[in-house]
Amino acid sequence: MWNDSRNADTFAWLVTGLLQSQNSTLPEWITHRQSKAQFAQSRERQARRWLGNAKIDPVSIYGPLITSALRTWGEHRLVLAMDTSVLFEKFCLIRVAVLFRGRAVPLYSTVLKHASAQVSTARLLPVLAHVKGMLDHLGMQDVRFLADRGFCDAELMDWLWACGWHYRIRIKSSLILADPRGQRLCKVNEVKLAPRETRCFHNVTLTGQRFGPVHVVLGRPTDGPEQWQVVSDEPTGVETFAEYGERFQIEEGFLDDKSGLFGLEASRLRDAASLERLIVVTSTATLLLVSEGLQVVEQGLRRVVDPHWQRGLSYLKIGLRSVQYALGRGQAVLTRLGLHGGVDPEPVGCRTPKQPDPQTAFDVGWTLVFRSPS
């Protein structure tokens, strides 16, 4: 994993500096570094050398950490989301994340020198193949994959089908629906729905390639003109929108990285390899904080750091406040790494686990359904 123990030591203090400063600007990290180096410039050079070290493989660092955390997942279905985000108008971050109780925990990330969020399927499939290898190693076969309409591609869906993964993907309005015999039914944008109307098409094919059979659900959640359309490998219903809506958690994760928590855009790194190593640092920090928050809640200590009577913070924020609380009192932190599948024992704003009513959620609009905890 490590070509030099000094690199492991530097990685540890980079994560520490990020957690303490909540900023990806290297000068903010160096005050948290215990080192023989007398001058601040020397400690900053150590950080820059680590981020620019071609011998440090981000996958070999983060892979064992996230797979170790997932070993406690159990037999529950794993929900993954894939999305991209543009950095500095020059790079594209591709991420597959585990959706966990309102937050997206990075599973695999890579950075391309690519100024657009649109990435070809040829570039996405190696990312997914690596993810599948990780999950196969853990024996995790029950997977649901979520993605936005930019990833709606017959080749991708065929790959998911071959893997045995289920999927919910938003589709483009220009796609053609046909019956299993290839008889054209309609274009998606030709279906006009009344407000709060849902329409399902089962066992249809998509595009001129007639990919299928698949299942499609169309819906218009409000009085506005926007319609939602989602394709699935499993029969669809109004609950499909709620399942697809979990995807928005990965966007919250990008927000945490870029401006909400870690200030990734404040870094001055401008090469893909260095950014990829920096994202290993932010991903590790996220995993540690979510694990810490989970432990605090399971131990019944949530109200020590969360002022809400019922849980009002995400596991990430609970973990962050717990770390700050413990460090201020000289207590141990980050003692366990793990993610547990299944129903959240303490959902936001609820005393007992409660599943959302998809029909009610759909009727009142998407904002209430998919809003993530702070």
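This is a predicted model: local features need pLDDT of at least 70, side-chain atom pairs count only at pLDDT 80 or more; totals for chains, interfaces and linings use all residues.
Residues are numbered from 1 along each chain as its sequence is written, and side-chain values use heavy atoms, with hydrogens and water left out. Local features need pLDDT of at least 70 and side-chain atom pairs count only at pLDDT 80 or more, while totals for chains, interfaces and linings use all residues.

Q: How many salt bridges does the model have?
A: A salt bridge is a side-chain nitrogen of Lys or Arg within 4 Å of a carboxyl oxygen of Asp or Glu. By this rule the count is 22.

Q: Which residue forms a salt bridge with Glu 44?
A: Helices are DSSP runs (H or I, at least four residues), as are strands (E, at least two), numbered from the N terminus. The N to O distance is 3.1 Å, and the partner is Arg 48.

Q: How many residues apart are Arg 77 and Glu 234?
A: The closest N and O atoms of the salt bridge between Arg 77 and Glu 234 are 3.8 Å apart. Arg 77 lies in the loop between α4 (58-70) and β1 (78-87), and Glu 234 in the loop between β10 (228-232) and α7 (239-245). The pair thus links distant parts of the chain, at a separation of 157 residues.

Q: What is the N to O distance between Lys 132 and Asp 136?
A: Lys 132 and Asp 136 both lie in helix α5 (residues 121-138), four residues apart, about one turn of the helix. Their side chains meet in a salt bridge with an N to O distance of 2.6 Å.

Q: Which side chain of opposite charge is nearest to Glu 276?
A: Glu 276 is found in helix α9 (residues 272-298). It is buried (under 20% relative accessible area; exposed is over 50%, partly exposed in between; 1.4 Å probe, protein chains only), yet has no salt bridge. Lys and Arg count as positive and Asp and Glu as negative, with His and the chain ends not counted. The nearest side chain of opposite charge is 7.3 Å away and belongs to Arg 277.

Q: Which residues does Glu 276 touch, not counting residues up to four places away in sequence?
A: Contact means heavy atoms within 4.5 Å. With that exclusion, Glu 276 touches Pro 58, Ser 109, Thr 110 and Val 111.
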